[in-house]
Amino acid sequence: MKIEIAEYKGIKVIALSGEVDMHTSPELRKEMMNLISRRTSPLFVDFRGVSYIDSSGIATFVEGLKGIMSYGGKLKLIGIPDRIMEIFNFSKLDRVFEMHNNIEDAFNSLNSF
């Protein structure tokens, strides 16, 4: 897995590529919790390059969401491939996470009420 921290219109974006599994999720957790510890909000996670995710990867995002919600922050997941979306749908986490097709939709949702 490759993790890239970028910015889009002043918003921190974690861009992922490869597999998010028990071997790589500790590194992702470290990066995400570092941003959350600085009360980063909103935080976008770009899934376009993710080819696989397992339960440890999902747990990392659940932990991140709990952390960011503790200070009223927003976590937005972007560009989730269909094969990965099936996992979120099956586990009903699609009802928990805020998901967007692309980064522009996520950005625009910040200003909608």
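These legends describe close-up views of a predicted model. Local features need pLDDT of at least 70, side-chain atom pairs count only at pLDDT 80 or more, and totals for chains, interfaces and linings use all residues. Residues are numbered from 1 along each chain as its sequence is written, and side-chain values use heavy atoms, with hydrogens and water left out.

**View 1. A cis peptide bond between S41 and P42.**
The bond that joins S41 and P42 is cis, with omega of about -5°. P42 sits in the loop between α1 (25–37) and β3 (43–53). Helices (H or I, at least four residues) and strands (E, at least two) are DSSP runs, numbered from the N terminus.

**View 2. K9, a residue with positive phi.**
K9 is not a glycine, yet its phi is positive, about 50°. Its place is the loop between β1 (2–8) and β2 (11–20). K9 counts as exposed, at 51% relative accessibility. Exposed means over 50% relative accessible area, buried means under 20%, and partly exposed lies in between (1.4 Å probe, protein chains only).

**View 3. K92, with a positive phi of about 65°.**
K92 is not a glycine either. Look for K92 in the loop between α3 (82–90) and β5 (98–100). K92 is partly exposed, with a relative accessible area of 46%.

**View 4. The salt bridge between K2 and E4.**
A salt bridge is a side-chain nitrogen of Lys or Arg within 4 Å of a carboxyl oxygen of Asp or Glu. The structure holds six of them. Side chains of opposite charge can pair when their charged atoms come close. Here the side chains of K2 and E4 meet, at 3.7 Å from N to O. E4 is partly exposed, at 42% relative accessibility.

**View 5. The salt bridge between D46 and R48.**
The closest N and O atoms of D46 and R48 are 2.6 Å apart. D46 is buried, with a relative accessible area of 8%. R48, in contrast, is exposed, at 62%.

**View 6. The salt bridge between E98 and K76.**
In this pair, the closest N and O atoms are 2.2 Å apart. E98 lies in strand β5 and K76 in strand β4 (residues 75–78), so the pair ties together parts that are 22 residues apart in sequence. E98 counts as partly exposed, at 28% relative accessibility. K76 is buried, with a relative accessible area of 2%.
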